[in-house]
Amino acid sequence: MVQEAAQAAYKVQSEAQTNVPASAGAVRALILTGFGINCEEEFAAAYRMAGAEPTIVHLNQVLHGQVSIHDFDTLNFPGGFSFGDDLGSGVVLANKLRYRQTGAGGRTLLDDIKQFIADGKFVLGICNGFQVLVKLGLLPNLSGDVTPEVTLTHNASGRYEDRWVTLRVNAKANTPFLKGIDTLEVPVRHGEGRLVISDAAIQQRIEEGGFNCLSYLDASGDGTDIYPFNPNGAALNCAGLTDPTGQVFGLMPHPEAFLSAYNHPDWARRRRLNPEASEEGEGLQIFKNIVEHITDTRTAAASAAEFATQN
Amino acid sequence: MSDNTPTTTHTIQLTLKPGQHDGDGQRVAEAAARHLGLATGNVRSAALYTVRYPLSETQVQDFATRCLADPVMHDVRLNELTAPAGFATYILVARRPGVTDDEGTSAQNALADLLNEPLDTHTQHIFSKRLYLLENDLPETDLRRIAEELLGNKLINWLEVGRVADGIRDYTPRPGGGAEAITEVISLTGLSDAELVQLSKENIYALNLEEMQAVRDHFAAADTRAERQAAGLPTDPTDCELEIIAQTWSEHCKHKEFSALINYKDLETGEEKQVDSLFKTYIKDATSEVDRQLRANGNDWLVKVFSDNAGAVRINADSLFVWKVETHNSPSAIDPYGGAITGILGNNRDPLATGIGGARLLFNTNVLCFGNPEYDGPLLTGQLHPRRILEGVRKGIEDGGNKSGVPTVNGAIVFDDRYAGKPLVYCGTGAVMPMQFAGKDSWEKNIDAGDRIIMAGGRVGKDGIHGATFSSIELDETAPATAVQIGSPITQKLAMDFLMLAARRGLLKCSTDNGAGGLSSSVGELAGISGGAVVELEKVPLKYPGLRPWEIFVSESQERFTLVVEPGKMADIMALGQEMEVELTDIGHFTADGFLDVRFDGTPVARLDMHFLHEGVPRKVLEAEWTRPTLVEPAIAPATNYTATLGQLLGSLNICSRESVIRQYDHEVKGRTIVKPLMGATGQAPQDAAVVRFNFESWEGVAVSNGILPRFGDLDAYHMSAGAFDEAVRQIIAVGGKLPNLSHGDNIFWSVNDNFCVPDSVYDPIGNPDGKQKLAKLVRMCEALRDATAAYCIPLTSGKDSMKNDFKADGVKISVPPTVLYSMTAKMEDVRRAITSDFKQPDDVVYLLGETHDELGGSEYYALHGELGANVPKVDFKKAKALYTLVGQANDQHLIQSCHDLSDGGLAVALAECTFGYNCGASIDLPDTGLALPAQLFSESHSRFLATVAPEDVVAFEALLGSRATRLGTVTKDVRLVVRHGGREVISADTDVLRSVWTNGPVNRLLGVVSKQNLSHSNSL
């Protein structure tokens, strides 16, 4: 039966509004939408396929206090063109999170996000969502005080492009999102994905910490600054960043656009070569990883608690 | 003009920090050198924001540094317009009053967040601009050329240029004047025929004499006079009433020529006949007959045809597929970017506002027809260079689709010098709608008296008033940008998100979009359902003051929907609008009294009898004469080797790769695109049709294709139209689709939109002496359409005609060739069974499916030799249907590994393209069929495929296809394409060189993306 995805989105939205408690044990993912965000449906599908319970929520529901991010395990910023991206990608949304007062005493959503991260929870931004995290200073956040340290700007080619790239996970990367992944094929779809690091000391600290967790590869599997393999001319050939805790992760390419093997441009030939191959897309692993990590952590915590009460 | 109110006006300038790459500046310098031959020296770009809002200096400083500037990239300057040393001249690009300024709106959003105070974002307080500083001291005329030809459009932009030393002049629009609640009465009584025609011309009503007489007679009639007197209206019509009639009766809205009585003469056979409406005879009746056959066979998926904003067919028990294709040609000729972006956003609103409204958009398509972008001759007054039109339209589609989050999955670009006056810009949108919203059938439009009329989305300005004739209007500062509309994808995205939720919550009774004719058309059409409406125009929110009531009513300002809401649901829907930041305004209610009643502050502005408004237009009678053109087949000396010819074809304008265009469209947002425009390991194998799945829960999906073959129309418009229809059908068959209605209740929907774009086809002895011949071509195109729908049992569900695609200037007329686009969609039961065009594996056997004839007429091969020829390709529908049915059966048995339809450039080009997916080649032996070699290689005979079959499936495949499959050879590991004929090599080339020639063709070269990877190869053959 065809279930209309938008209808499903509405369903979860209503649930969020009425504060229906989460199914016992399910990992709960909050996916923001509204104001030009446009990849929320596939983002939700990714979490659903990974066994989590995604909830798509309009940004205003969070800003107006109808939904609390603290009821969720992961906070997700999808791709799109938030507020049209007219002042530079992600700028207006980042600005809103930083300055718009959501509660008494001048509290902002950024204050809540800081608390969310301090609670050991996870934040994921893809494409425009990554741009928001960078413009906000949540990535790479070397200083810990959430001020912008690097930026993402217009591609070296000067144009928006949709093309598939290959990424390698930095062996030094320390984030559960990328656990066990070596390389990954994904589409990029952006005009402002060039990472610019203007401060050599910041670059050094990023490299030392392995926070440049993903790099663009050329045909022979080496990191590259050559177009189109590196589609935007990013510093360090970098496609994604984590913060020092590994809880905040953002990337320009779209793993949520590769949930099915049939999303890949060469799927037909690949399935001919290997008819028994999985029908899952490579991008799904990132979502499975984080869901599994949260579930495992919980189980471990629960066993520890059980152990503690028994003794 | 400078601002003298420093307390409330501030200017913020952002410049790039030293060492940051200025891509924008560099592009301007390169484009000036390349396209205008002007040496600018270094160009530096800067963003300017003029803030007209009371802020303290500290607040401005905070706003600039925290919200607008990127700390890594930008330096900030406040309230000074100066240039650093080394820059002699400048160009400032601002917007004219009322022109959409999304950047300014975003900045206002940011300011409101920073200040934490409500700031009405619907009123413009911040104006964004670009400043370019040029190193060289260019004269003002050269600066103007750069400004007008590369940076802005003087219809929408205010452009200041000059020497830095003389001071940089700023410009901020200052829309002035109070509200103009003036309604004038226009007397028609006693006007002579000549005066009526003159009045129509002066006021841009675009009504002919018969129509003006009908209007005059209506108002002179005794019962009209009595009614008007009783209602307190003047005897003569108001300006608003004539505008409403002009909009409603316009060719655009009423399709008068497609509904006309046509006297058709075939001068070749002497046959004469009368066509009682092209639309009724060839489109509506043909579809009714298809529907009858479908239903007789248990296929009742045709739900809504021709009666709403878009056609709707049933996917399954739960959902509908909604499909609409429109054109936006005239606006794109004048402002390519604005024309295209409003085209795609406007077309999106059709499926969004079909039935109740709130469908979920699934994909966009676009088919574009341009003049030669490498044209280097003189231009007519007002004519834009084809390159500029191409670049602007492409950018408009990029922003319109990408920023709305709708993937652009399929399209085509056709080049012909006759599109150099008016380009054709076809925008298509597919959407999915649940069968029911809150218990109501989603596709129905029900309205009762008492329901409220709500305007949702953007505000109203003078945009697009009298859109059709804007090229003749000189714009100045006091007349805001009435001519051109710029779409705002973000405004529409918000409205779209709102509409989807409002429909699902049962708050919407129904909706429609505000497109051509604005409120006049949208309310006028909806009022036809309930039987009348009362509109209170003073409630309509405006972008700026100074509009007269009639202007408010006919304005085509974008991103607006008209919603129908039951009074009891008003509170809920208004609350939802506020939550989602979509402006909703209650502007009146529906009635059942038979009148469209428009008021301003209680004063009557218009009161029109609905029956007269919708049925009163006199019918046109038109003349058509068919004469067969005199055509001859050329004598082209045969060659012994056609490798070089293949290379020339692959690098030709109509065949070469469109990758640079395709990659700037997001073709996979939403994660549902299965067959994209370019596929394979290389990402460079062109595909025949797109395949998109509907959701993540099932594998059901839709195949999408486009058929358009204007070249063949010069030979025979009937066969051109039939061929275009067949092309779209066979593209869907190639990707694994199946014809409809082959078995009882198979439920494979097809939904087709027809879009005719023709030159003026109304005969006029002076203005249009060959009008009868042009109309005859249109009749023949329609006849072919009827025959094709009947043959394949494929229904039309919606469509559009654009009848005046001529560009006149300096005594010259450039007319488009008669063009028809068939945009097809068909259900795919399982998208995993889709077939892509590229070869998959060495040793797979290559087959040609279908018959090749001596049909080089209108081919790309003849075009290469500057010839047209005579032998137009003809579709044999019966044979084609039999072949397509068998291909479907072969796919059921998993027998086909790759399939590519044969079109431009024939077999030779298809063979080359099939090798572009990964490093492989093919070894081909052409059979001795008696057909000359050039015809075998390059004929564009219809209904053919190039397919490959795994060696183990050859026996089963040949048994199934029989004589319809001709075995040509095999796919090879050796990366060469070798074609032999009679034991002799006639084509032999490295396939990566062929791909390089194709990839580095004129389109990618022009748009500046040339694959470096491929440049390392030698491109010589």
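Okay, one definition to start: two residues are in contact if their C-beta atoms, placed from the backbone, lie within 7 Å. With that in hand, let's look at where chain A meets chain B. And keep in mind that this is a predicted model.

So, how many residues does the contact take from each chain? From chain A it's 58 residues, and from chain B it's 68 residues. On chain A, the side touching chain B gets at least two residues from each of several elements, including helix 1 (5-18), helix 2 (40-49), strand 6 (161-169) and helix 8 (267-273). If you sort that side of chain A by class, you get 25 nonpolar, 18 polar and 15 charged residues.

Now, confidence. Chain A has a mean pLDDT of 90, with 91% of its residues at 70 or more. But look at residues 1-21 of chain A: pLDDT stays under 50 there, although the model has 41 contacts beyond four places in sequence for them.

Next, the inside. The largest nonpolar core has 385 residues, and Val691(B) and Leu911(B) have the most contacts inside it. Helix 21 of chain B, residues 717-734, gives the largest share of this core, 11 residues. Beyond its neighbours within four places in sequence, Val691(B) touches, among others, Ile674(B), Val675(B), Val735(B) and Met828(B).

Last stop, an annotation. An unreviewed UniProt entry puts a "PurM-like C-terminal" domain at residues 449-598 and 841-980 of chain B. Over residues 841-980 of chain B, the chain is 31% helix and 24% strand, with the end C-alpha atoms 21 Å apart.

Definitions and conventions:
Residues numbered from 1 in each chain as written. Chains lettered and ligands numbered in written order. Predicted model: local features only at pLDDT ≥ 70, side-chain atom pairs only at ≥ 80, totals over all residues. Helix = DSSP H or I, 4+ residues; strand = E, 2+ residues; numbered from the N terminus. Nonpolar A, V, L, I, M, F, W, Y, C, P; charged D, E, K, R; others polar. UniProt positions renumbered as here; feature names shortened; annotations may be inferred. pLDDT = per-residue confidence, 0-100. Core = buried A, V, L, I, M, F, W, Y, C linked by C-beta atoms within 7 Å. Buried ≥ 20, exposed ≤ 12 C-beta atoms within 10 Å, placed from the backbone.
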